[in-house]
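Trainee: Could we go through this structure together, a few questions at a time? I would like to learn how to read helices, strands and their neighbours.

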Amino acid sequence: MRRFELIAPCHFGMESVLKREIMDIGYDITEVADGRVTFFGDEEALCRANVFLRSAERILIKIGSFHAETFEELFQGTGQLPWEDYIPANGKFWVAKAASVKSKLFSPSDIQSVMKKAMVERLKAVYKVNWFEEDGASFPIRVFLMKDEVTVGLDSTGESLHKRGYRKLTAKAPIAENLAASLIMLTPWNKDRILVDPFCGSGTFPIEAALMAAGIAPGMNRSFTAQTWPHIIGGQTWKDTIEEAKEGVDLTVRPDIQGYDIDDHMVSIARENAKLAGVEKLIHFQRRGVEELSHPKKYGFLITNPPYGERLQEKQEMPALYRTIGERFRALDSWSLYMITAYENAEQDIGRKADKNRKIYNGMMKTYFYQFLGPKPPKQDKTRNL
């Protein structure tokens, strides 16, 4: 099997979660940078990363890297990469995205144009043609420039990995599925503990938790660009990976996962999304405002994405809303609260300083993941039932 260096981009601030996930599925990390983790793997690794990783954005095959401070250097560096090892004579290829940080070359459209020309010139010489029909499989390219170092990757995923295929309907400001999964993995929650999202919207946090509880791989019910690349990855490798994913599913689990929302319509949407994800029997959704938040059991988790007050008229409502969150949280004896929000006075209005606080970029928006930790549950005496 071919050995690749694979790049997995992720949300800024989630690199440690993705690194742990990659190591857990059995691969060696070569680099951790802002917003991406690089690792070695073969064809099977590429398939398994696409299907099993919950926190990644996509999986790229690293084509190469080089230094470029001018467009001439960018052209020459791109032209020296082995494009013919990946792109056949009829392949449709383009630079789908260029990102530049602290580099002399910073115009995405110019970077894309120069690189495309360089790729065309090299492949024209290799395939001895003057024109490419580009009527075959798609080969989207992504490039990162960081301090004039150019890293070039071939996108094996296509639509971002956060698109699991279950969320047909969304809330007004939905959280991405892979970010929701990452945040859950930052907590000590497991399928034997209670999880409640009091602002569940379209159900993303409860659904991602249920997928974890049941061992459902996030990518097992979707397609990937690399499935149209038989010269790189054989169809049997994809079949074997999906079969492995199916064998890991356990729908007999009975986790205590609940999602509340004040909007009846959103509760209906959340139920429909859970059904599409195959976990509707593992989650209890209910119309309930945060002021009614309560639970009879101890040692549970509130994991949520409350309103940020992005609209001017909503800003005035935020202090009262966050005070209510604080009041209801204090009434939940021994619970923990994990909350992602861009609302700057969250701690002040909740009435407690977070035990941990992590800066996370949700798209281009700077948010904070506040972690208010409750006590650990007492260890069960395993000798009692002997």
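Trainee: Is the crossing of α2 and α7 left-handed or right-handed?

Mentor: Before we start, this is a predicted model, where local features need pLDDT of at least 70, side-chain atom pairs count only at pLDDT 80 or more, and totals for chains, interfaces and linings use all residues. Residues are numbered from 1 along each chain as its sequence is written, and side-chain values use heavy atoms, with hydrogens and water left out. Helices (H or I, at least four residues) and strands (E, at least two) are DSSP runs numbered from the N terminus, and a crossing is left-handed if the near helix is turned anticlockwise from the far one by less than a right angle, right-handed if clockwise. By that rule, the crossing of α2 and α7 is right-handed.

Trainee: At roughly what angle do the axes of α2 and α7 cross?

Mentor: Two packed helices are described by the angle between their axes and the distance between the axes. Axes are lines fitted to C-alpha atoms, for helices over the stretch in contact, and angles run from 0 to 180 degrees between N-to-C directions. For α2 (residues 43-52) and α7 (residues 235-247), the axes come within 9 Å and cross at roughly 45°.

Trainee: And which word describes how α2 lies to α7?

Mentor: Angles under 35 degrees count as roughly parallel, over 145 as roughly antiparallel, 65 to 115 as roughly perpendicular, and the rest as oblique. The two axes cross at roughly 45°. That makes the position of α2 to α7 oblique.

Trainee: How many charged residues does the contact of α2 with α7 have?

Mentor: Contact means heavy atoms within 4.5 Å; on the α2 side the residues include E43, R48 and F52, and on the α7 side they include W238, I242 and E244. Ala, Val, Leu, Ile, Met, Phe, Trp, Tyr, Cys and Pro count as nonpolar, Asp, Glu, Lys and Arg as charged, and the others, Gly among them, as polar. Besides seven nonpolar and three polar residues, the number of charged ones is four.

Trainee: How many bridges join β12 to β14?

Mentor: On one side, β12 (residues 336-341) runs parallel to β11 (residues 301-304), with four bridges between them, and I303 stands opposite Y338. With β14 (residues 365-372), β12 runs antiparallel, and I340 stands opposite F369. The number of bridges that join β12 to β14 is five.

Trainee: How far apart in space are T341 and M119, C-alpha to C-alpha?

Mentor: T341 has its place in strand β12. In sequence, T341 and M119 are 222 residues apart. In space, C-alpha to C-alpha, the distance is 43 Å.

Trainee: How many bridges join β1 to β3?

Mentor: Five of the seven residues of β1 (residues 3-9) are buried. β1 runs antiparallel to β4 (residues 60-67), with two bridges between them, and L6 stands opposite I61. β1 is also antiparallel to β3 (residues 36-42), where A8 has V37 as its bridge partner. The number of bridges that join β1 to β3 is seven.

Terms used
Two strands pair if DSSP finds at least two bridges between them. Buried means under 20% relative accessible area, exposed over 50%, partly exposed in between (1.4 Å probe, protein chains only).
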